[in-house]
Amino acid sequence: MGLLDGLKSVLGVKAEADATRDADPDDLFGMSTAYVTMEADLGYEPTGEAALCFADVDSTDFRDAMDEVESILDAGRVETGTRATFETDDHGYQWVVLHDDDFEDLLTSIHFAADTLVERRYGSRLLAALFAFEDARSDQVVYWVYSFRRGAYYPFAPDPHDDHERNTSAEFKLDSNLGDELTVESDKEYWYPLWPDRPGYHPWE
Amino acid sequence: MEWQTDWGLRGRMALTMFLLFALYIVFVGALTLYFTNLAAIVVVMGLFLGAQFFFSDKLALYSMGAREVDPEEYPELHRTIDRLSQQADLPKPKVAVADSRVPNAFATGRSKKSSAVCVTTGIMNTLDQDELEGVLAHELAHIKNRDVMVMTIASFLSTIAFLIVRWGWLFSGGRDRGSQQAPVIVAILVSLVVWIISFLLIRALSRYREYAADRGGAMITGKPSALANALMKIDGRMDKVPKEDMRDQAEMNAFFIIPIKVGWIGRLFSTHPSTENRIDRLQDLERELEGR
């Protein structure tokens, strides 16, 4: 903990400062090369889905911002063919889910949606971006989760057979093989799971 | 969305801590004049409080009859705390539940990694999901602001002052009685004054930190109104049923110029700000959200 962080804690503003700190989307684009490695070296194919998870804000302005995200994604659909759906999960978190077989279009659309929220000053509400991959041989779905709070990726592999269990060996493998290409969160205490509401489905379904 | 900085709150908090610090400096200075073995006292007390600090998380949970629960037992509670810690950029704290009908929640632990959040079964039954999130976010804000550490350090010398007031006379014995008597009484008086002032300052600091945790919590959830609702609900339930006969009360109150608990004396001594004041401030945050 740095001196400034310590001082913020002593003054009782650390919680406030961190909760309102803007999103850090700088390392999001690491995925633009990493997905090739995922496919070629590790046998994980993109499922054609990516999603942006964020916390709701109880205000009119926020709903305006959401409308803006929707219209930007609609406009993008004409060019890239990326389809966007909007979901709310059981926790009341909002998801923008993007569907496209072209992985780079997915990444661009995620970036557009995140950027719009950052520009509307809601960057601090962005929780994570998820990119879904699947190993066809073992039915194991894994996610690369980008934490906008930490500015880093981490792997999340829910066990397909056991509810609320993680496949730690798959996560370890992803971490060790993509550590050079992605900024991976080094403190595993921040590798938060995003459990699906129903086992076997995506967290946003 | 940009929140305004509450400079008033920060200023009052900084001033309180500065006054406390200045008071303690004077206190230590005064003590060195009267006690040659002061270093020994401080070291022993330091060890004692260090141990208390170190075991504070277990101690607090134990005294509430709380036990740590795993995700299988309380999946919803765990998932809520997962998401909130993620939003607050905090490693997930331990989760504990106390079997009590009184709606209550607290956070404990000396560091981010050893902290725990505890809720009573009563609060889970009383509040809906949004309100519970508001309360949990408030507790996470306490952890982020390291309130256990700050308050332990703030009360360290206050405790020493109290002990000198209580046991200082022990030092008055000894061979050269006549010459030592007066300074010890002075030291006890100094300690008494320090203790009273520091007590009030610590209580003020505690109230400011509650406001700070309310702000932090509201910013984590983005819903100041949820915490406000929770506070109203909890406050309603916590209404104390008076035990004394009304007629006795009326007689007693006649002796007080300002009835205790409602006047400024009551407020000066309490560790938490009044619910109305907290709700007022949360409403300010709600208005900020709507850009007004």
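**Figure 1. The open sheet of chain B.** In this predicted model, four strands of chain B form an open sheet in the order S1-S2-S4-S3, with mixed pairing; two strands pair if DSSP finds at least two bridges between them. Helices (H or I, at least four residues) and strands (E, at least two) are DSSP runs, numbered from the N terminus. Strand S1 (66-68) and strand S3 (105-108) of chain B are the edge strands, each pairing on one side only. From one strand to the next, the twist averages 25°; axes are lines fitted to C-alpha atoms, for helices over the stretch in contact, and angles run from 0 to 180 degrees between N-to-C directions. Residues are numbered from 1 along each chain as its sequence is written, while chains are lettered from A and ligands numbered from 1 in the order in which they are written. Because this is a predicted model, local features need pLDDT of at least 70 and side-chain atom pairs count only at pLDDT 80 or more, whereas totals for chains, interfaces and linings use all residues.

Figure 2. Three bridges link S1(B) and strand S2 (residues 94-98) of chain B in the antiparallel sense. B:Glu68 stands opposite B:Ala96 in S2(B). H6(B) packs on the sheet, where it touches S3 and strand S4 (116-120) of chain B; two residues are in contact if their C-beta atoms, placed from the backbone, lie within 7 Å. The direction of H6(B) makes about 20° with that of S3(B).

**Figure 3. Packing of H4(B) against H6(B).** Two packed helices are described by the angle between their axes and the distance between the axes. For helix H4 (residues 75-88) and helix H6 (residues 129-144) of chain B, the angle is about 50° and the axes are 10 Å apart. H4(B) and H6(B) are therefore oblique to each other; angles under 35 degrees count as roughly parallel, over 145 as roughly antiparallel, 65 to 115 as roughly perpendicular and the rest as oblique. Their crossing is right-handed, a crossing being left-handed if the near helix is turned anticlockwise from the far one by less than a right angle, and right-handed if clockwise. On the H4(B) side, B:Thr80, B:Ile81, B:Leu84, B:Ser85 and B:Ala88 meet B:Leu132, B:Glu133, B:Leu136, B:Ala137, B:Leu140 and B:Lys144 of H6(B). The contact of H4(B) with H6(B) comprises seven nonpolar, two polar and two charged residues; Ala, Val, Leu, Ile, Met, Phe, Trp, Tyr, Cys and Pro count as nonpolar, Asp, Glu, Lys and Arg as charged, and the others, Gly among them, as polar.

**Figure 4. The six-stranded sheet of chain A.** Chain A has six helices and six strands. Its open sheet of six strands has the order S2-S3-S1-S4-S5-S6, with antiparallel pairing. Strand S2 (83-88) and strand S6 (152-156) of chain A stand at the edges, each with a single partner strand, so one side of each is left without a neighbour in the sheet. The twist averages 20° from one strand to the next. Five bridges join strand S5 (residues 140-147) of chain A to S6(A), and A:Val145 stands opposite A:Tyr154 in S6(A). Helix H5 (residues 103-119) of chain A packs on this sheet and touches strand S1 (45-54), strand S3 (94-99) and strand S4 (126-135) of chain A. The direction of H5(A) makes about 5° with that of S1(A).

**Figure 5. S3(A) and its two partner strands.** S1(A) and S3(A) run antiparallel and are joined by six bridges; A:Val96 in S3(A) is the bridge partner of A:Leu52. S2(A) and S3(A) likewise pair in the antiparallel sense over six bridges, with A:Ala84 opposite A:Leu98 in S3(A). The hairpin of S2(A) and S3(A) has five residues between the strands, and there A:Gly92 takes a positive phi near 85°.

**Figure 6. Packing of H4(A) against H5(A).** The axes of H4(A) and H5(A) lie 9 Å apart at an angle of about 155°, which makes H4(A) roughly antiparallel to H5(A). The crossing of the two helices is right-handed. H4(A) contributes A:Ala65, A:Glu68, A:Val69, A:Ile72, A:Leu73, A:Gly76 and A:Thr80, and H5(A) contributes A:Asp105, A:Ser109, A:Phe112, A:Ala113, A:Thr116 and A:Leu117. By class, the contact of H4(A) with H5(A) has seven nonpolar, four polar and two charged residues.
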